[in-house]
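Have the viewer open as you read.

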Amino acid sequence: MKRKMVLLATAAVTAMALTACGGSDTQSGSGSGSSQSSGGDGFTFTSGSTVIEMNADASAVVEELGEADDYFESESCAFEGLDKVYTYPGFQLNTYPVDDKDYVLSVVFMDDTVSTDEGISIGSTKDEVTEAYGEPESESSTEMVYAKGDTELTVGLDGDSVSTLEISAVTEE
């Protein structure tokens, strides 16, 4: 039941974020200012034998991962084209379009069945996060943010426990 509630809540938040194009400019770029290098210098996520790098060609990743459990798309607020969300067991893969091609924007962890390459999952402790990643770039009582290359790892906290995890591409110059 808890997993279903997390899935529904995350799907609803993702759908709202993708369709609410007005008001917020949290992500900018018109394609020409976006980075699509996948040089391996940022945070990655591994599902089975598939290593997912942010800003990588999404078509190759989606092909490797196989058919998604769910799929959603909407007109992008920040780019020309469609933002796409592929839901797989335990995580969502979000993409962004540039020049008729899709790139990996983020991986959102949905439950504790998946973990970062460093072993952190929903339910891990704040101390375990600090042990795995060191001191964050920024921190509040509800969030820790780590930067690496052209990526960010955002760790949501509920007290001393990890409640949300997201690895995302930094797409602005």
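## Burial and overall layout

A residue is called buried with under 20% relative accessible area, exposed with over 50%, and partly exposed in between (1.4 Å probe, protein chains only). This is a predicted model, in which local features need pLDDT of at least 70 and side-chain atom pairs count only at pLDDT 80 or more, while totals for chains, interfaces and linings use all residues. Residues are numbered from 1 along each chain as its sequence is written, and side-chain values use heavy atoms, leaving out hydrogens and water.

Of the 173 residues in the protein, 42% are buried. The protein has 3 helices and 10 strands, where helices (H or I, at least four residues) and strands (E, at least two) are DSSP runs numbered from the N terminus. Starting at the N terminus, the order of elements is α-β-β-α-β-β-β-β-α-β-β-β-β.

## Aromatic pairs

Rings of Phe, Tyr and Trp (its six-membered ring) make a pair if their centres lie within 6.5 Å; planes under 30 degrees apart are stacked, over 60 edge-to-face, and the rest tilted. By this rule the structure holds 8 aromatic pairs. One of them joins Tyr71 and Tyr86, which is tilted because the ring centres are 5.0 Å apart and the planes stand at 55°. Tyr71 belongs to strand β3 and Tyr86 to strand β4 (residues 82-88), so this pair ties together parts 15 residues apart in sequence. Tyr86 counts as buried because its relative accessibility is 14%, whereas Tyr71, at 36%, counts as partly exposed.

Tyr133 and Tyr146 make another tilted pair, with 5.4 Å from centre to centre and 40° between the planes. Here the distant parts of the chain are helix α3 (residues 126-133), which holds Tyr133, and strand β8 (residues 143-148), which holds Tyr146; the two residues are 13 residues apart. Both Tyr133 and Tyr146 are buried. Elsewhere, Phe45, Tyr88, Phe91 and Phe109 form one aromatic cluster.

## Salt bridges

How many salt bridges does the structure hold? There are 3, each a side-chain nitrogen of Lys or Arg within 4 Å of a carboxyl oxygen of Asp or Glu. In the bridge between Asp57 and Lys101, the closest N and O atoms are 3.6 Å apart. Asp57 sits in the loop between β2 (50-53) and α2 (58-65), and Lys101 in strand β6 (residues 101-109), 44 residues apart. Asp57 is partly exposed at 26% relative accessible area, and Lys101 is partly exposed at 36%.

Lys84 and Asp102 meet at 2.8 Å, N to O. Lys84 is in strand β4 and Asp102 in strand β6, so the bridge ties together parts 18 residues apart in sequence. Are these two residues buried or exposed? Lys84 and Asp102 are both buried. The side chains of Lys126 and Glu139 also form a salt bridge, at 2.7 Å from N to O. That pair links helix α3, with Lys126, to strand β7 (residues 138-139), with Glu139, across 13 residues. Lys126 is partly exposed at 25%, as is Glu139 at 41%.

## A patch of negative charge

On the surface, Glu75, Glu80, Asp99 and Asp100 gather in a patch of negative charge. Patch members have over 30% relative accessible area and no salt bridge, and like charges are joined within 9 Å. Asp and Glu count as negative, with the charge placed at CG of Asp or CD of Glu. Glu75 lies in strand β3 (residues 70-75).

Definitions and conventions
Patches are made of residues with over 30% relative accessible area and no salt bridge: like charges are joined within 9 Å, nonpolar side chains (Val, Leu, Ile, Met, Phe, Trp, Tyr) within 5 Å. Accessible areas come from the Shrake-Rupley method with a 1.4 Å probe; for residues, only the protein chains shown count as cover.
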